[in-house]
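Subject: Structure for your review

Dear colleague,

Please find below the sequence and the structure that I am handing over to you. My findings follow directly after it.

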Amino acid sequence: SQIISHNGGLEYVLKKAEKKASQPIHGRFAIFLLVCFVNCAIVINTISIVLTGPIATKLGRKYKLPKEEVATILDIGSCISQGILPYTPQMLLVSSMANISPISILPHLWYQYLLLASLVGSFFSHYFFKKG
């Protein structure tokens, strides 16, 4: 993670996200996607949150998002991606305990998808109710 930060990888992602995002809803999606991508690479959600926190804070300031909302998006985004990936420690532990493949568990997941639907719904509720 320090190598990525030192070489400007996260700053590059921040600049790309800022170019694409023009409204607060875009900023929310940018924060969500950022933490998901980092979590897919690192597979430890706490580290993903710590790494993307400063960038998410900058995006939150730019789009005038409350700090609590930025923190919530980071936490929920890392939780969603952590639960869907078949190579996370939790999935590997469960699959080894049940003597099945981690991929065979994926069709039976529902919590992560409900969480994703709730998060995206909250993004659009802000958009439709003019909260920002």
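Setting aside residues up to four places away in sequence, Ser78 touches Val35, Asn39, Asn45 and Ile49. Please note that this is a predicted model. Ser78 belongs to helix H5, which covers residues 67–84. With a relative accessible area of 0%, Ser78 is buried, because a residue counts as buried when this value is under 20%. Its side chain also reaches the backbone oxygen of Asp75, at 2.9 Å.

The next topic is charge. Side chains of opposite charge can pair when their charged atoms come close. The count here comes to one salt bridge. Glu69 forms a salt bridge with Arg28, and the closest N and O atoms are 2.4 Å apart. Glu69 lies in helix H5 and Arg28 in helix H3 (residues 24–42), so the pair ties together parts that are 41 residues apart in sequence. Are the two partners buried or exposed? Glu69 has a relative accessibility of 14% and therefore counts as buried. Arg28 is buried as well, with a relative accessible area of 2%.

I turn now to the nonpolar residues. The largest nonpolar core has 23 residues, and those with the most contacts inside it are Ile31, Phe32, Leu59 and Leu119. Helices H3, H4 (45–62), H5 and H8 (111–128) each supply at least two residues of this core. Which helix gives the largest share of the core? That helix is H3, with eight residues. As for Leu59, its contacts, leaving aside neighbours within four places in sequence, are Leu14, Glu18, Ala30 and Ile31.

Finally, there are the aromatic rings. The count comes to two aromatic pairs. In one of them, Phe29 and Phe123 are arranged edge-to-face, with 4.9 Å from centre to centre and 80 degrees between the planes. Phe29 lies in helix H3 and Phe123 in helix H8, so this pair ties together parts that are 94 residues apart in sequence. At 24% relative accessibility, Phe29 counts as partly exposed, whereas Phe123 is buried, with a relative accessible area of 1%. Ring pairs link Phe29, Phe123 and Phe124 into a cluster.

Yours sincerely,
A colleague

Definitions and conventions: Residues numbered from 1 in each chain as written. Predicted model: local features only at pLDDT ≥ 70, side-chain atom pairs only at ≥ 80, totals over all residues. Heavy atoms only, no water. Helix = DSSP H or I, 4+ residues; strand = E, 2+ residues; numbered from the N terminus. Buried < 20%, exposed > 50% of the residue type's maximum accessible area, 1.4 Å probe, protein only. Polar contact = N/O pair within 3.5 Å; in protein donor to acceptor, adjacent residues only side chain to side chain. Contact = heavy atoms within 4.5 Å. Salt bridge = Lys/Arg side-chain N within 4 Å of Asp/Glu carboxyl O. Core = buried A, V, L, I, M, F, W, Y, C linked by side-chain atoms within 4.5 Å. Phe/Tyr/Trp six-rings, centres within 6.5 Å; stacked < 30°, edge-to-face > 60°.
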